[in-house]
Amino acid sequence: MITLKTKEEIAILKEGGHKLAQILRQLVKATKPGVGSAALEKMALELIAKAGGEPAFKDYDMGNNIFFPSALCVSINNEVVHGPAVPNRVFKSGDLVDLDIGMKWPKGKNGLYTDTCYTVGVGKVSKEAKQLLKVSQKSLELALKQVKPGKTLNDIGKAVEDYITPYGYGIVRDLVGHGVGYEAHEEPNVFNYEIGHNSPENEVLQTGLVIAIEPMINLGTWKVKVAPNGYTVLTADGSLSAHFEHTVVVTDKGCQIITI
């Protein structure tokens, strides 16, 4: 069931989202050649605790009795999402590193969830990787412009698809954005491609709706596969992938980004 958040809840989400954005900014700055994912995990846990929150992803139930091992998702190169920060992996120049993080704030039963991510080009990356990053981030910006009361989820997905398609990149279809707030993942699904105006999942955006919009764009095919660990999602053809995400609230005036 889709839930709309109250003004009081949105105020909490905005504060928590701002704190999460500050945490992600520090993690992005620390992502350099020679740095390891475990060091970023330690940093993320310390920053979340200092902010008075709880990690949203650590020990998250992935199904089949599998629990995600870290607070920070660190997905490298052909890993689309759900790359673990532990055990340690060291970054090298040319890597694309997707840092995806969620936080419940404040800590405890009254906390609410926000979610955000940014893909970092580590050191000197290729021209094709630079363009993938630029185009993927731009697709998120265009999606955000569709967020206002009366618009639909299909408008968001169409904005991403219309922009990405001419580049020949693959828009991941097996994974989508989502509602967020009371839980790390809620209804509705937020698609990054056109689902059709008459689709039963094409919800009309209403004031108070809080969603995480997150285009996942592959340099090659849109198809993905799951790694042997049972949760990391990989590009099916081994191509690079980029991923950007913001949590936003639908207001009377349009879109308010709260992970900024």
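Strand β12, covering residues 216-218, runs antiparallel to β15 and is joined to β15 by three bridges. This is a predicted model, in which local features need pLDDT of at least 70 and side-chain atom pairs count only at pLDDT 80 or more, while totals for chains, interfaces and linings use all residues. Residues are numbered from 1 along each chain as its sequence is written, and side-chain values use heavy atoms, with hydrogens and water left out. Helices (H or I, at least four residues) and strands (E, at least two) are DSSP runs, numbered from the N terminus.

**The three-stranded sheet**

- Strands β8, β12 and β15 form, in that order, an open sheet of three strands with antiparallel pairing, where two strands pair if DSSP finds at least two bridges between them.
- β8 (170-171) and β15 (241-243) stand at the edges with a single partner strand each, so one side of each is left without a neighbour in the sheet.
- Within this pairing, Asn218 stands opposite Ser241, a residue of β15.

- Leaving aside residues up to four places away in sequence, Ile156 touches Ala143, Gln146, Val147, Val190, Phe191, Leu205, Ile211 and Ile213, where contact means heavy atoms within 4.5 Å.

- His246 lies in strand β16, which spans residues 246-251, and is buried, with a relative accessible area of 18%; buried means under 20% relative accessible area, exposed over 50%, and partly exposed in between (1.4 Å probe, protein chains only).
- The side chains of His246 and Thr259 are joined by a polar contact of 2.8 Å, that is, a pair of N or O atoms within 3.5 Å, of which, within protein, one must be able to donate a hydrogen and the other to accept it, with residues adjacent in sequence counting only if both atoms are side-chain atoms.
- Residues up to four places away in sequence not being counted, His246 also touches others, among them Asp115, Leu140, Ile211 and Ile213.

**Salt bridges**

- The structure holds six salt bridges, each defined as a side-chain nitrogen of Lys or Arg within 4 Å of a carboxyl oxygen of Asp or Glu.
- One of them links Arg89 with Glu79, whose closest N and O atoms are 2.7 Å apart; Arg89 lies in the loop between β5 (79-81) and β6 (96-105) and Glu79 in strand β5, so the pair ties together parts that are 10 residues apart in sequence.
- Arg89 is partly exposed, with a relative accessible area of 24%, whereas Glu79 counts as buried at 13% relative accessibility.
- Lys92 and Asp95 meet through their side chains in a salt bridge of 3.0 Å, N to O, and Asp95 counts as buried at 3% relative accessibility.
- A salt bridge also pairs Asp162 with Lys158, their closest N and O atoms being 2.6 Å apart; both residues lie in helix α4 (residues 153-164), four residues apart, about one turn of the helix.
- Asp162 is partly exposed, with a relative accessible area of 44%, and Lys158 is partly exposed, with a relative accessible area of 32%.
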